[in-house]
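Dear colleague,

Please find below the structure that I am handing over to you, with its sequence.

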Amino acid sequence: MLRTEYAQNTSWSQDTLEKLAQKAVEKCSEYGIRILLAILFIVVGFKLSKFLIRTIRKSLEKHGVDPSVTGFLASLSDIVLKILILLTAAHGLGIAVTSFVTVLGSAGIAVGLALQGSLSNLAGGVLILILKPYRVGDYIKTSQVGIEGTVISIDIFYTKLKSIDNQTIVVPNGTLSNDSIVNVTGMELRRVDLDVEIAYTADIQRAKDTLKQVLEQEKRVIQDREIDIFVGALGESGVMMGIHAWVRTEDYWGVRWTLLEQIKYAFDEAGIDIPYRTMDVNINSVVSK
């Protein structure tokens, strides 16, 4: 009788183990397939989102939307699409999305408090796109930070600049939105201001005529706009002549350098001296008897 009961208990244990093992295999197969499908969904979804973002960017560029707005919207759309793909994949795994969103919201508050700087950069990016103090392609200078360069892109958190020596500068949008910005190329025309010193012995009227002739010969100077040639100051060693002339913004530096060179040649030809500092040294020798 004891042997019969032992055999029944052994048989029951083996049956139970087999059933448990079978259920475990079924569950592993089921969740394994779900996990594989979720991974496949994420991979395909990310590739499709990349294609969709590229299509949106091209469509916005085709309709003439500002490049800075295009870059910002593309970055924002990319983040939103990826979050939706991850939430959908989590729902496919049987994870309650509502509770996940609740947890995510609570975590978002904590992360938001920890990343106040990033949130200020996000807000700064939105303000830059709304107020448009600069656009992609503009050359800007900051007053407090002391950074300058050509705007390459305006992203959600950062603005990328290219310096004159071809270096990439990444500036937080929060910094730019709280700083005074000089948009050098924001206007179509720009005024060239030059100061040229002549000797006190030089003829001022002749110097004015010479400067006027140089400005008239420079084709990039806009002759329709007012050109000013005047005595700006009486310096320690000479008379300071001032020049105001208007040029197209993209011609500013080329015209400035050319004018300085041509003024030197013209002054030499006209016999107008440009003063420079000199030092007289007197040596008194004492002859001893």
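In which helix is Ser49 found? Ser49 belongs to helix H1; helices (H or I, at least four residues) and strands (E, at least two) are DSSP runs, numbered from the N terminus.

Before I continue, two notes on conventions. The model is predicted, so that local features need pLDDT of at least 70 and side-chain atom pairs count only at pLDDT 80 or more, while totals for chains, interfaces and linings use all residues. Residues are numbered from 1 along each chain as its sequence is written, and side-chain values use heavy atoms, with hydrogens and water left out.

Overall composition

The protein has seven helices and eight strands. Of its 289 residues, 25% count as buried (buried means under 20% relative accessible area, exposed over 50%, partly exposed in between, with a 1.4 Å probe and protein chains only). Among contacts (heavy atoms within 4.5 Å) between residues at least 6 apart in sequence, 64% join residues at least 24 apart.

Helix H1

Ser49 has a relative accessible area of 4% and is therefore buried. Leaving out residues up to four places away in sequence, Ser49 touches Asp78, Leu81 and Ile85. Its C-alpha lies 9.6 Å from that of Ile79, a residue 30 places away in sequence. Arg54 is also found in H1, which comprises residues 2–62. Arg54 is partly exposed, because its relative accessible area is 42%. Between the C-alpha atoms of Arg54 and Ala74 the separation is 8.0 Å, and these two residues are 20 apart along the chain.

Helix H6 (residues 204–217) has 14 residues, and the distance from its first C-alpha to its last is 20 Å, close to the 20 Å expected at 1.5 Å a residue (the expected span is 1.5 Å times one less than the number of residues). Its buried residues include Ala207, Thr210, Leu211, Val214 and Leu215. They lie on the same side of H6, because they cover an arc of only 135° around the axis; the arc is that of the directions from the helix axis to the C-beta atoms. The buried residues of H6 pack against strand S6 (189–198), strand S7 (228–234), strand S8 (239–248) and H7.

For H7, the 19 residues should span 27 Å at 1.5 Å a residue, and the end C-alpha atoms are 26 Å apart, which agrees. In H7, Tyr252, Val255, Leu259, Ile263, Ala266, Phe267 and Ala270 are buried. These residues cover an arc of only 95° around the axis, which means that they are on the same side of H7. An α-helix has 3.6 residues a turn, so residues three or four places apart point the same way. Trp257 and Glu269 are exposed on the other side of H7. The buried residues of H7 pack against S6, H6 and S8. After H7 comes Gly271, which has a positive phi, near 75°.

Strand S8

His244 lies in S8. With a relative accessible area of 18%, His244 is buried. Apart from neighbours within four places in sequence, its contacts are Arg191, Val192, Asp193, Glu226, Ile227, Asp228 and Phe230.

Loop residues

Asn166 sits in the loop between strand S3 (158–162) and strand S4 (168–172). Its phi is positive, about 65°, although Asn166 is not a glycine. Most residues other than glycine have a negative phi. Asn166 counts as exposed because its relative accessibility is 59%.

Asn178 is found in the loop between helix H5 (173–177) and strand S5 (181–183). Its relative accessible area is 63%, so Asn178 is exposed.

The largest pocket

About 240 Å³ of space lies in the largest pocket. On a 1 Å grid over the protein atoms alone, a pocket is an open set of points where a 1.4 Å probe fits, with protein on both sides within 12 Å along at least five of seven lines, and lining residues have an atom within 4 Å of a point. Grid points are joined across faces, edges and corners, and the volume is the space filled by probe spheres set on the points.

Of the 13 lining residues, Tyr139, Val184, Thr185, Arg190 and Trp253 are the closest to the centre of the largest pocket. Strand S1 (139–142) and helix H7 (252–270) are the elements that give two or more residues to this lining, and H7 gives the most, with three. By class, the lining has five nonpolar, three polar and five charged residues (Ala, Val, Leu, Ile, Met, Phe, Trp, Tyr, Cys and Pro count as nonpolar, Asp, Glu, Lys and Arg as charged, and the others, Gly among them, as polar).

Yours sincerely
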